[in-house]
Amino acid sequence: MTTLLSLRNLVVGLRHGHQTSPIVRGVSLDVKPGERVGVVGESGSGKTLTMLSVLRLLASPPLDILEGEILLDGEDLTSASEHRLRQVRGSTIAMVYQDPMTSLNPLLHVGYQIVEALRAHDVDTPQARDKARDALRQVGLADPERVERSYPHELSGGMIQRVMIAMALAASPRLLIADEPTTALDVTIQQQILDLVLDLQDTTSMAVLWVTHDLGVVARLVDRVVVMYAGRIVEDAPTSELFRRPSHPYTAALLASLPGTQHTHRSLLHQIGGSPPDPTRLDRGCPFRPRCSFAVEQCAHDEPPLLVRGASRAACWREPDQWQT
Amino acid sequence: MLLPLVRRLASMLTTLFGVLVVVFVILRLLPGNAVTASLGVNAGLLSHAQLQAIDKFYGVGESIPQQFFSWLWSMLHGNLGVSLSSREPVSTLIGSALPVTLELAVMSMILGILIGVGFGMIGALHPDRWQDDVGQGLAVFGLSVPSFVIGTVLITYLASIFHYFPSSLGFVGLFTNPWLNLQQVFLPALTLSFGIGAAIMRTTRAAVLEIRGLNFARTARGKGISHLAYVWRHLFLNALVAITTMSGIQFGYLLGGAVIVEDIFVLPGIGRLLITSITDRDFPVVQSVTLIFAAGFIVVNTLIDISYTLIDPRTRRR
């Protein structure tokens with residue numbers, strides 16, 4: 001099967017003065033057409049920056065892609081022209097952003113903002129209006145006509161979040177990047193959105209990159225999970241494998257901190273001690289080491305690359321059998 | 001919708017009344033009056049009785065509150081009084097001077113906004129690049145060099161090197177000879193627009209730079225809309241409230257600057273009228289001109305307040 005999107009050793013750096021410190025430190029990730037991939041990690045682990053890099057939407061300066069390739073159907077987006085990027089944005093790849101409340105232009109009607117996105121990609125106005133209305137109905141907004149005529153400040157947080165999802169879906173993208181898209185929604189609406197995305201996938205073979213810290217959502221929605229820590233991927237595993245047999249102590253700790261888990265990792269931390277490191281000043285060795293109960297001598301010297309561990313890949317020097325009980 | 005409008009109108013009138021009182025009192029505190037100003041040292045030759053008769057004729061002998069209310073009363077009847085120095089009705093003097101100043105004000109505002117918004121947008125879209133440096137340099141120049149220096153330098157160089165000084169032909173009206181008139185107003189307007197443009201440029205740059213970093217600007221870019229649509233519909237539109245506010249403030253400075261610039265460029269506007277009438281202690285003219293300046297400033301800023309509700313739906317009340 002061909003890959004739709006392929007990140008090759010992506011490095012994103014933060015410039016301050018004449019120095020740059022990498023914050024995303026070599027992320028490689030493949031997404032196949034129709035595949036659903038979850039991206040999990042604490043705040044500051046580089047999930048959002050990685051996703052924004054794909055559409056080249058980083059706030060530059062101070063953020064910049066320093067190294068690596070972003071291949072869309074084999075075409076490298078890191079060297080693409082602004083013109084080409086405009087064709088990709090909102091059409092081939094659409095994104096739902098974190099913090100929806102501030103993600104719409106406060107001075108324009110909501111309907112107009114959706115139509116504007118469609119019209120930019122050669123959809124004529126009447127057709128764009130129809131598509132916008134359909135999309136708003138699909139995400140479960142009861143009165144799409146009223147929502148279209150509203151300004152963002154007249155809608156609730158949950159409604160705006162659904163508007164943002166509708167805006168992304170209206171263009172029928174081949175890849176949907178969703179950054180914590182269901183955080184402001186109550187459980188029933190959240191379920192509805194997940195069902196909608198699953199539905200759309202059956203009919204359109206849309207691929208999904210779903211950034212979340214909610215492992216419950218991950219379990220229901222995605223085929224594969226990528227766990228990020230301190231700007232790197234520390235584990236990449238099929239969903240069932242990840243829940244059954246995590247290959248990285250950090251993943252195991254995340255699972256153990258789930259409320260009411262019936263997993264067998266009770267011996268691990270329920271709450272991960274310490275806090276994630278500042279990615280701009282990392283020490284030598286594995287960045288998770290200070291919080292890891294299974295660290296050995298080697299972890300202090302060398303940062304582990306992604307190593308194959310059965311069906312998974314994990315950035316840990318130790319075999320899962322050595323620390324799993 | 002109606003009630004806020006009435007409230008706004010009431011506050012406008014209160015402000016105007018306050019301006020009138022202040023101007024009236026300050027003028028009366030100046031030493032000398034119209035009689036001494038026109039008679040000069042000859043006033044000393046008149047007898048006490050003669051002086052009193054003249055004072056009574058001009059109404060300057062009454063108490064200050066009496067003078068104020070009799071002037072207010074006649075003004076409410078549309079009578080602005082008679083100039084003490086030229087003996088012409090004040091309304092005639094203002095009627096011929098006001099259009100000149102209006103033309104100057106409109107042209108300076110247009111030039112200032114074009115310069116300010118233009119350089120501000122360019123600077124904000126290319127921060128810390130040479131385009132931005134040019135704009136920033138111009139802004140420092142415009143803010144720090146006073147208009148009378150710019151005006152004098154313009155006149156000196158254009159007149160002595162290029163022999164170009166349209167004002168030397170005597171002022172012509174916009175409808176008598178539009179081409180010559182526009183040339184005559186253009187230089188003073190350009191002089192005034194440096195300061196206006198500099199302030200608007202800085203506001204525009206700062207506002208657009210901030211908006212570029214906001215989430216909705218990123219959403220707009222992420223839609224793949226054209227660069228023009230992104231810049232104007234999303235960045236500029238959201239900067240418009242700040243730009244309009246700064247334009248209103250600059251309009252106030254413009255009125256002050258017009259007084260000086262009209263004098264330098266010999267434009268027969270109300271700024272020059274004000275200067276000559278102050279020297280002549282021609283109180284009816286000074287009062288009326290001040291009133292017009294104040295009214296102009298208040299009206300423009302009220303219009304700006306109203307424009308906010310047109311630009312930003314969040315300021316609209318349902």
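Two residues are taken to be in contact if their C-beta atoms, placed from the backbone, lie within 7 Å. The structure described here is a predicted model. By this criterion, 24 residues of chain A are in contact with 20 residues of chain B. On the side of chain B that touches chain A, two or more residues come from each of helix H9 (215-222) and helix H10 (227-264) of chain B. The most is given by H9(B), which supplies seven residues to that side. Sorted by class, the side of chain B that touches chain A has eight polar, seven nonpolar and five charged residues.

Within chain A, eight strands form an open sheet with mixed pairing, in the order S6-S7-S8-S3-S9-S10-S12-S11. Strand S6 (93-96) and strand S11 (307-309) of chain A each have a single partner strand and stand at the edges, so one side of each is left without a neighbour in the sheet. On average, and with direction ignored, neighbouring strands of this sheet are turned by 20° against each other. In general, strands of a sheet pair through backbone hydrogen bonds, either parallel or antiparallel.

The edge strand S6(A) runs parallel to strand S7 (residues 175-179) of chain A, and four bridges join the two. Met95(A) has Ile177(A) in S7(A) as its bridge partner. Helix H6 (residues 157-170) of chain A lies across both S6 and S7 of chain A. The direction of H6(A) is at about 180° to that of S6(A).

Conventions:
Residues are numbered from 1 along each chain as its sequence is written. Chains are lettered from A and ligands numbered from 1 in the order in which they are written. This is a predicted model: local features need pLDDT of at least 70, side-chain atom pairs count only at pLDDT 80 or more; totals for chains, interfaces and linings use all residues. Ala, Val, Leu, Ile, Met, Phe, Trp, Tyr, Cys and Pro count as nonpolar, Asp, Glu, Lys and Arg as charged, and the others, Gly among them, as polar. Two strands pair if DSSP finds at least two bridges between them. Axes are lines fitted to C-alpha atoms, for helices over the stretch in contact, and angles run from 0 to 180 degrees between N-to-C directions.
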